[in-house]
Amino acid sequence: MFPRPIQQSGQAAQWLYTIALPVALIIWLFPLLGVALTSLRPASDLAQGNYFGMPSGIAWENYAYIFTKTPIGQYMVNSLWVTIPTVVGAVSLSLMTGFALAVYGFRGNILVFFMFVAGNFVPFQILMVPVRDMTLQLGMYDTWYGLALFHIAFQTGFCTLFMRNFIKALPYELIEAARVEGVAEWRIFWFIVLPLMRPAIAALSVLVFTFIWNDFFWATVLTQGVDSQPITAGLSSLNGQWIAQWHLVSAGSILAALPPVLMFFLMQKHFIAGLTLGAVK
Amino acid sequence: MAADMTAASAAPRRARKWNQRSIAPWLFLAPGLFMFTVYVLWPIVQSITLSFYDWNGLYNKDGQFTGTFVGMGNYAELMSDPAFETSLWNNLKWLVLYMAALPIGLFIAIFLNQTVRGIRIYKSLFFFPFVISQVVVGLIFAWFYAPNFGLFYLLTEKLTGQGTAILADPDLVTYGIIAAGLWPQIAYVMILYLTGLNNVAPDQIEAARLDGAKGWRMLWFVVLPQLRPATFIAVIVTVIGALRSFDLVSIMTNGGPFGSSRVLSYYMFEMALGEYGYRMGFGAAIAVVLFAIMMVFISGFIWKMWRDETER
């Protein structure tokens with residue numbers, strides 16, 4: 001193990017480490033803690049310049065205000081409307097593409113695979129004008145499905161890379177044996193491979209959920225109004241209205257950050273497994 | 001006779017099987033490939049074509065494209081455009097400074113790679129910044145940097161006697177945004193290295209320890225070589241993160257003050273859809289430049305993957 005386990009060091013070093021951990025964490029999360037505290041600070045404190053002193057009370061009304069006086073609830077619902085179909089769509093499509101690329105040695109296999117991988121890395125701006133134009137032409141501009149369709153297509157690139165590598169690591173004998181028995185290809189996919197894909201599906205679902213929930217660029221390019229804008233774009237426009245009302249900006253930020261944070265804590269193992277794909281041989 | 005019959009019936013069946021197996025992959029690929037072609041591959045071709053046109057994004061009433069062909073005109077304009085030059089320089093700053101995420105992420109990973117009580121909670125809390133949206137990260141740092149009461153402002157006031165409003169200073173603004181971007185990026189790199197450190201071969205470490213290696217020499221000669229896959233992924237995601245820097249610029253400064261914090265991705269958006277009007281062709285040309293820069297790194301990544309695949 002590297003570094004040497006702290007238990008093998010002297011008593012002093014162990015004490016130092018126990019103190020250093022929480023101190024380092026507080027420094028690391030300092031900006032976030034500050035915003036979390038500000039979101040619960042009464043507006044009157046900020047007006048009097050009391051930014052960091054003792055708050056005069058805990059102001060849950062900041063959250064009540066943004067829920068009742070701004071469309072933030074609607075924005076969050078819109079985000080779900082984009083995020084959930086994207087998760088389902090991208091995971092389903094990539095289960096199939098991943099299966100095709102992992103199991104069959106057809107001509108052009110590696111080419112198709114690399115195309116998915118490379119497409120996943122292109123800058124969004126090279127897609128922006130044509131995708132926006134196409135979405136407008138199809139009458140899907142400013143709708144949740146117009147945004148979700150694009151996300152499904154784009155995320156399929158990353159998901160295919162993941163699924164293909166996962167299926168490749170499954171024992172190939174399973175598929176061979178089924179073929180000898182004369183099982184149809186789609187049945188091999190459905191009854192043999194799919195049940196083994198649960199961990200991969202879980203990992204990709206949390207990752208895609210987080211990516212899409214946090215997306216700002218496409219939300220700005222493909223949606224406009226309160227009826228379809230997701231939380232990221234919504235928060236940005238609210239920020240424009242709330243100039244320097246930091247208690248509201250903070251409360252909105254915390255709210256927007258909450259769903260992915262919950263997702264991460266509930267599905268931590270899967271999340272990290274998905275993110276560190278390829279980080280070990 | 002009986003043998004002949006089984007041979008005759010086996011032949012078509014084998015052919016059918018072979019057929020099924022050669023068609024099946026394309027059927028499985030079809031929906032994903034279709035979506036990917038329509039929304040990713042074809043738009044790349046369209047954008048490249050569009051970069052040779054001057055177009056305001058509109059169609060005439062017969063639904064025909066109204067752009068005019070200008071050849072290399074958009075690119076020629078870029079060459080003498082000071083805003084483009086600023087954006088390009090800023091992208092370079094992002095690329096170089098973002099690389100700091102690697103050593104810092106590695107340092108935190110080493111710091112956290114212990115087995116004491118509660119360490120798992122510490123690891124996930126350190127990872128936190130990566131999970132939250134860049135919009136929120138941008139707002140958090142805008143608050144942190146805010147003039148008069150922001151913590152950073154107060155800190156500089158205490159240290160130098162005069163507060164620095166970093167987002168209002170054309171010379172410093174880009175560094176301020178990069179620092180905000182580094183926060184989640186370091187968290188990402190950290191998690192990659194933590195996973196890597198978990199898989200370092202313990203016998204090699206012990207052997208090196210017996211040979212008297214420790215500290216820096218151990219890290220450099222024994223541990224880092226084993227972390228190479230993690231380092232490779234970390235470099236790739238950091239480069240992509242640096243070149244995709246749109247959200248933070250948009251949230252924190254809108255490219256200002258005086259356009260000094262623009263990057264290519266933001267400048268492109270401004271030209272094509274922003275307040276400067278709809279110059280789609282010119283925007284596409286900027287996007288093509290960004291795409292070309294990214295392609296250098298993508299090719300490197302694909303080349304490495306190709307080598308790994310053929311080795312196997």
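Q: Is R209(B) buried or exposed?
A: R209(B) counts as buried, because its relative accessibility is 16%. Buried means under 20% relative accessible area, exposed means over 50%, and partly exposed is in between (1.4 Å probe, protein chains only).

Q: Before we go on, what kind of model is this?
A: It's a predicted model, where local features need pLDDT of at least 70 and side-chain atom pairs count only at pLDDT 80 or more, while totals for chains, interfaces and linings use all residues. Residues are numbered from 1 along each chain as its sequence is written, chains are lettered from A and ligands numbered from 1 in the order in which they are written, and side-chain values use heavy atoms, with hydrogens and water left out.

Q: Ok, back to R209(B). Which residue does R209(B) meet in a salt bridge?
A: That's E206(B), with N to O at 3.4 Å. A salt bridge here is a side-chain nitrogen of Lys or Arg within 4 Å of a carboxyl oxygen of Asp or Glu.

Q: Why would side chains pair like that?
A: Side chains of opposite charge can pair when their charged atoms come close.

Q: And where do E206(B) and R209(B) lie?
A: Both are in helix α9 (residues 202-210) of chain B, three residues apart, which is about one turn of the helix. Helices are DSSP runs (H or I, at least four residues), strands are E runs of at least two, and they're numbered from the N terminus.

Q: Is E206(B) buried or partly exposed?
A: Partly exposed, because its relative accessible area is 40%.

Q: How many salt bridges does the structure hold over all chains?
A: Seven. One of them joins R262(B) and E270(B), with the closest N and O atoms 2.7 Å apart. R262(B) is buried because its relative accessible area is 11%, and E270(B) is buried too, at 4% relative accessibility.

Q: What about chain A, which residue does D45(A) meet in a salt bridge?
A: R41(A), at 3.7 Å from N to O. D45(A) counts as buried because its relative accessibility is 2%, and R41(A) is buried with a relative accessible area of 6%.

Q: How many salt bridges are there between chain B and chain A?
A: One. The side chains of R164(A) and E309(B) meet there, 3.0 Å from N to O.

Q: And how many residue pairs in polar contact across that interface?
A: 15, with both residues at pLDDT 80 or more. A polar contact is a pair of N or O atoms within 3.5 Å; within protein, one must be able to donate a hydrogen and the other to accept it, and residues adjacent in sequence count only if both atoms are side-chain atoms.

Q: Which helix gives the most to chain B's side?
A: Helix α1 (residues 2-50) of chain B, with 22 residues. By class, the side of chain B that touches chain A has 78 nonpolar, 15 polar and seven charged residues. For the classes, Ala, Val, Leu, Ile, Met, Phe, Trp, Tyr, Cys and Pro count as nonpolar, Asp, Glu, Lys and Arg as charged, and the others, Gly among them, as polar.

Q: How much area is buried between chain B and chain A?
A: About 9,700 Å², with carbon and sulfur atoms giving 78% of that. Buried area is the accessible area (1.4 Å probe) that two parts lose on being put together, summed over both. In chain B, F28(B), Y39(B) and W143(B) lose the most area to chain A, together 9% of what that side buries.

Q: New topic: which domains does chain A have?
A: The domain assignment gives domain 1 (6-65) and domain 2 (71-275). Those bounds come from an automatic or database domain assignment. Taken over C-alpha atoms, the centres of the two domains of chain A are separated by 33 Å. The contact between them, meaning heavy atoms within 4.5 Å, takes 10 residues from domain 1 of chain A and seven residues from domain 2 of chain A.

Q: How much do those two domains of chain A bury between them?
A: About 780 Å², 81% of it on carbon and sulfur atoms. On domain 1's side, α2 (30-38), α3 (43-47) and α4 (61-69) of chain A each supply at least two residues. That side divides into six nonpolar, three polar and one charged residue. The count of salt bridges between these domains is zero.

Q: Last one: what does T135(A) touch?
A: Leaving out residues up to four places away in sequence, T135(A) touches M140(A), Y141(A), G146(A) and L222(A). T135(A) is found in helix α7 (residues 125-137) of chain A and counts as buried because its relative accessibility is 1%.
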